[in-house]
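Q: I have a model open and I'd like to learn how to read it. Can we go through it feature by feature?

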Amino acid sequence: MDKFKKFLPGIWFLDPPKDISLDGYRIDNVIQYTDFVITLYFGIVVAAIIFFVWRYNSRKHPHAVHDHGNQKKHLYVTVAMGLLVFFSIDVVIESMSFKDLKEAFWNFPKGKDVVRIEIMPQQYAWNIRYPGEDDVFGTDDDIVPPQNILHIPVNTPIVVQLTTYDVIHSLYLPNFRYKQDATPGMVTAMWFQAKETGNFEFACAELCGNSHFKMKGYLTVESKDEFDNWIASQEPEVSEDDEDDWGDEDEGVPTKWAWQWKELK
Ligand SMILES: [Cu+2]
């Protein structure tokens, strides 16, 4: 398998990005089931075609036979195959997905240890905001690290709320198997949890303009202490000497863009 990986980089089922998340395995299971069942059915269809080409070749059957077939039998076979595909693919994937949504992705964590982050992508960068010491977004002590830099603590539930500065973007965390759109005019939310520390990347998964490819972000997953130290090392958004900068935009980098945290039901 390793030999294949060298020649076929980027093919998901041969070489998926490392899953470091609590719930990413759920997505992998759905993908693997889908891959398995469509490969199986494709194999059966190809085998059937080869069989019929061999069985009814022109040497064995030099004279064409005009045959209206058996309408009823064909109807039964067609309906049976349709139902087989519907129940073994669509229904299974649908029920796996809804179970995952209910148990994990829509089941937002609550409590004191949850880390809350607001992210506002723009063409073509990621603006990231932590609430600061008062734990309230949109206040002077908010922490806004340099664009495209995201830090999170390990083994801690992270809730991200997203909206966009301009067009639709999508926050894609390959190592968490997670994507969430950032849509104009609304706040969307996602949550995830890392099981391992390390340096990873995130990206925009929605074609958002001619430099969409540049929307790469850097994710650091670290221990709670390292995370707290990193937060403490960042300047609050409003320091004493730029108090009256509210609303100013410096080289296209928006400032003071926070929104009131949306309580999730
Ligand atoms: Cu984008």
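Q: Let's start with helix α2. Is it buried or exposed to the open, and what tells you that?
A: Keep in mind that this is a predicted model. A residue is called buried when 20 or more other C-beta atoms lie within 10 Å of its own. In α2 the number of buried residues is 2 out of 32, so this helix lies largely in the open.

Q: What span does α2 cover, and what span is expected?
A: Helix α2 runs over residues 24–55 and reaches 46 Å from its first C-alpha to its last. The expected value, at 1.5 Å a residue, is also given as 46 Å, and the helix comes close to it.

Q: How do I describe the way α2 and α3 pack?
A: Two packed helices are described by the angle between their axes and the distance between the axes. Here, α2 and α3 (residues 71–105) pack at an angle of about 175°, and their axes are 10 Å apart. Angles over 145 degrees count as roughly antiparallel, and α2 and α3 are therefore roughly antiparallel to each other. If you want to click on the contact, α2 contributes R26, N29, V30, Y33, T34 and V37. From α3, the contact residues include I89, V92, I93 and M96.

Q: Stepping back, what pattern does the protein follow along the sequence?
A: Along the sequence the pattern is α-α-α-β-β-β-β-β-β-β-β-β-α. That is 4 helices and 9 strands. Buried residues account for 20% of the 265 residues in the protein. Look at contacts between residues at least 6 apart in sequence, too: 67% of them join residues at least 24 apart.

Q: Which strands make up the open sheet of 4 strands, and in what order?
A: The order is β2-β1-β4-β7, with mixed pairing. β2 and β7 are at the edges with a single partner strand each, so one side of each has no neighbour in the sheet. On average, neighbouring strands here are turned by 30° against each other, direction ignored.

Q: How do I see the mixed pairing in that sheet?
A: Go pair by pair. β1 and β4 pair in the parallel sense over 5 bridges, with R116 standing opposite V159 in β4. β1 and β2, on the other hand, pair in the antiparallel sense over 5 bridges, and M120 stands opposite N127 in β2. β4 and β7 are antiparallel as well, over 6 bridges, and there P157 faces Q193 in β7.

Q: What joins β1 to β2?
A: A hairpin does, through 2 residues. Y124 sits in the loop between these two strands, and a cis peptide bond joins Q123 and Y124, with omega about 5°.

Q: Is β1 enclosed or open?
A: Of the 8 residues of β1, 6 are buried, so this strand is largely enclosed by the rest of the structure.

Q: And what order do the strands take in the open sheet of 5 strands?
A: This sheet reads β3-β9-β8-β5-β6, again with mixed pairing. The edge strands are β3 and β6, each with a single partner, so one side of each is left without a neighbour in the sheet. Its neighbouring strands are turned by 25° against each other on average, direction ignored. Helix α4 (residues 224–233) packs on the sheet, touching β3 and β9, and its direction makes about 140° with that of β3. Those two strands pair in the parallel sense over 5 bridges.

Q: Which residue in β9 is the bridge partner of I152?
A: That's V221. I152 also touches V115, I158, A194 and F227, leaving out residues up to four places away in sequence.

Q: Which residues touch the most other members of the largest nonpolar core?
A: I152 is one of them, along with I119, I158, L171, L173 and F192, in a core of 31 residues. The elements giving two or more residues to this core include β1, β3, β5 and β8.

How values were computed. Residues numbered from 1 in each chain as written. Predicted model: local features only at pLDDT ≥ 70, side-chain atom pairs only at ≥ 80, totals over all residues. Expected span 1.5 Å × (residues − 1). Buried ≥ 20, exposed ≤ 12 C-beta atoms within 10 Å, placed from the backbone. Core = buried A, V, L, I, M, F, W, Y, C linked by C-beta atoms within 7 Å. Contact = placed C-beta atoms within 7 Å. Pairing = 2+ DSSP bridges. Axes fitted to C-alpha atoms, helices over the stretch in contact; angles between N-to-C directions. Parallel < 35°, antiparallel > 145°, perpendicular 65-115°, else oblique.
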